[in-house]
Amino acid sequence: MLTTADSLLSLVGNTPLVELSRFAPGPVRVYAKLEGQNPTGSIKDRVAKAMIEAAEAAGELEPGRRLLEPTSGNTGISLALVAKLKGYPLTCVLPANATEERRRLLQLYGAELVESPGEEGSNGAVRLALELAERDSSWFMPFQYGNDANPRAHYDGTGAEIAEALQRVDVLVAGLGTGGTLMGTGERLRESFPDVVVAAAEPLPGEHVMGLRSLADGYVPPILDVSKLDRKLLVSNEESVAALRELLDAEGIFGGVSAGAVVHVARRLARELDDGVVVCVLADAGWKYLSADFWDAADVETSMERTVWW
Amino acid sequence: MTAIRIPPTLRTEVGGERQVEAYGGNVREVLEDLARRYPALEPQLFEAGELASFVNVYLGGEDIRTLDGLDTTVDGLPLILLPAMAGGAPGAPAAIGSRRAEPGSAARSRRWTALRREGRAEHCPSLLRLSAPRRESGRTRC
């Protein structure tokens with residue numbers, strides 16, 4: 001039955017699950033949850049909406065309060081939508097080398113941009129945002145890496161939707177970024193399917209994005225509990241791009257870079273099983289990556305190694 | 001012999017090499033042998049005899065924390081060492097609320113552990129080609 005929505009925010013979530021029978025044929029059925037079909041085109045709509053509404057419910061956000069978030073991508077665009085509809089001005093701190101689509105989209109949605117040094121990557125954006133927030137307490141920073149509303153959005157949404165749609169789930173695969181999707185969706189699926197294997201697809205970082213001074217500068221987001229992951233697999237940029245092209249060829253699904261990594265791991269794990277159901281979460285579609293130069297690159301690794309892609 | 005890929009952060013400690021070799025039957029033995037060869041690595045890799053919180057070690061492309069930890073048998077597969085990094089926030093300063101990575105996650109599914117022991121769990125060939133530059137245009141699958 002067709003209905004109407006009172007606001008774009010009520011259209012966040014309830015994304016479709018589609019079987020990947022051509023991309024991953026065989027006895028194990030693989031389903032993809034298409035998070036690119038959220039209002040701004042990524043899974044982060046769930047997170048942005050949940051973080052802002054949690055802060056409102058806790059009385060931490062009064063009308064007109066200025067929001068600040070370090071982001072080089074999807075979370076900023078999602079926050080920009082939520083902030084616009086709820087009347088909060090948003091400033092995003094993003095690396096100077098973020099793609100033009102992202103910069104343009106953020107501005108079109110009404111966000112102010114502050115640039116951090118490109119060579120410092122997202123790390124520099126996080127650092128600068130923290131400095132700004134420390135200097136001026138009028139900022140409110142949702143900070144997805146440490147905000148419990150992030151995994152909760154996936155427990156209440158992504159995970160509950162998968163559990164409702166499928167009678168059986170043997171494996172969940174999602175990309176590892178903040179850890180929100182894996183923690184929240186995994187926890188909800190374990191309640192319905194106690195033996196489910198929760199598997200993380202993790203980017204193999206290029207040489208140029210590992211410019212840490214020492215390992216002690218490493219970062220584990222506070223919301224990520226690695227002990228709750230059953231598998232954690234590295235995927236190279238080359239493999240991610242090959243898989244997303246193949247997914248487009250076979251199924252007509254145009255995924256983003258992390259979606260490529262996730263279906264790559266999903267198919268690999270499906271081959272380890274004799275039967276069962278694998279569900280993978282495709283965080284976004286490929287549109288925001290069109291200006292990237294890896295599509296025609298002879299050497300995908302080299303063309304991609306200066307950026308962290310999810 | 002186990003090939004070990006060294007991240008840029010740790011190359012000074014191994015004389016600038018991208019890849020080195022060490023010996024041992026499981027990950028602990030290999031890393032201890034590595035630390036004997038390059039003593040400057042020892043404090044970076046271990047904290048009180050356990051894997052340091054901000055080091056990730058991958059065997060055949062899989063994090064050993066979701067295998068058997070330092071007791072994981074190496075089976076001739078290469079190791080990759082990486083700094084713990086989160087998507088979108090590589091190397092964000094520890095002060096913003098990082099905490100120790102939890103060691104010793106046990107794989108929940110016995111069936112999968114059994115599959116791995118039978119050698120049915122696949123390893124990813126492109127991640128096994130540690131030092132070979134990826135110049136060929138053919139797509140890698142695994």
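These questions and answers walk through a predicted model, from overall scores to single residues.

Q: What ipTM does the model score?
A: This is a predicted model. Its pTM is 0.86. Its ipTM is 0.85.

Q: Which helix of chain B has the lowest confidence?
A: Chain B averages a pLDDT of 71, and 59% of the residues score at least 70. Confidence is highest in helix α1 (residues 27-37) of chain B, at 97. At the other end, with a mean of 43, stands helix α3 (residues 110-117) of chain B.

Q: How many contacts beyond near neighbours in sequence does the stretch 88-121 of chain B have in the model?
A: Over residues 88-121 of chain B the pLDDT is below 50. The pLDDT is also below 50 over residues 123-142 of chain B, where the model has 36 contacts beyond near neighbours in sequence. For residues 88-121 of chain B the number is 75.

Q: What radius of gyration does chain A have, and why does it agree with a compact globule?
A: Chain A spans about 55 × 50 × 40 Å along the principal axes of its C-alpha trace. A compact globule with 310 residues would have a radius of gyration near 19 Å. Chain A agrees with that value because its own radius of gyration is 19 Å.

Q: What share of the residues of chain A count as buried?
A: Chain A has 9 helices and 10 strands. Of its contacts between residues at least 6 apart in sequence, 73% join residues at least 24 apart. Of its 310 residues, the buried share is 58%.

Q: Which strands stand at the edges of the open sheet in chain A?
A: The sheet has 4 strands in the order β5-β4-β3-β6 (chain A), with parallel pairing. An edge strand has a single partner, so one side of it is left without a neighbour in the sheet. The strands placed this way are β5 (112-116) and β6 (139-140) of chain A.

Q: Which residue stands opposite A:P70?
A: Strand β3 (residues 66-70) of chain A pairs with strand β4 (residues 90-95) of chain A in the parallel sense. This pairing has 4 bridges. In β4(A), the residue opposite A:P70 is A:V93.

Q: Which residue just after α1(A) takes a positive phi?
A: The phi is about 75 degrees. α2(A) is likewise followed by a residue with positive phi, A:G87, near 85 degrees. Just after α1(A), the residue is A:G59.

Q: How many residues of α2(A) are buried?
A: The buried residues pack against α1, β3, β4 and α3 (100-108) of chain A. A:N74, A:I77 and A:L81 are among them. α2(A) is mostly covered, and of its 13 residues the number buried is 10.

Q: Is A:Y289 buried or exposed?
A: A:Y289 sits in the loop between β10 (276-282) and α9 (300-304) of chain A. It touches A:G256 and A:V257, not counting residues up to four places away in sequence. Because it has 22 C-beta neighbours inside 10 Å, A:Y289 counts as buried.

Q: Which residues form the uncovered face of strand β2 (residues 19-22) of chain B?
A: β2(B) runs antiparallel to strand β1 (residues 2-5) of chain B, joined by 4 bridges. B:R5 stands opposite B:Q19. The covered face of β2(B) has B:V20 and B:A22, and the uncovered face has B:Q19 and B:E21.

Methods. Residues are numbered from 1 along each chain as its sequence is written. Chains are lettered from A and ligands numbered from 1 in the order in which they are written. This is a predicted model: local features need pLDDT of at least 70, side-chain atom pairs count only at pLDDT 80 or more; totals for chains, interfaces and linings use all residues. Helices (H or I, at least four residues) and strands (E, at least two) are DSSP runs, numbered from the N terminus. The radius of gyration is taken over C-alpha atoms; the globule rule is 2.2 Å times the number of residues to the power 0.38. A residue is buried if 20 or more other C-beta atoms lie within 10 Å of its own, exposed if 12 or fewer, and partly exposed in between; C-beta atoms are placed from the backbone. Two residues are in contact if their C-beta atoms, placed from the backbone, lie within 7 Å. pLDDT is the predictor's confidence in each residue, from 0 to 100. Two strands pair if DSSP finds at least two bridges between them.
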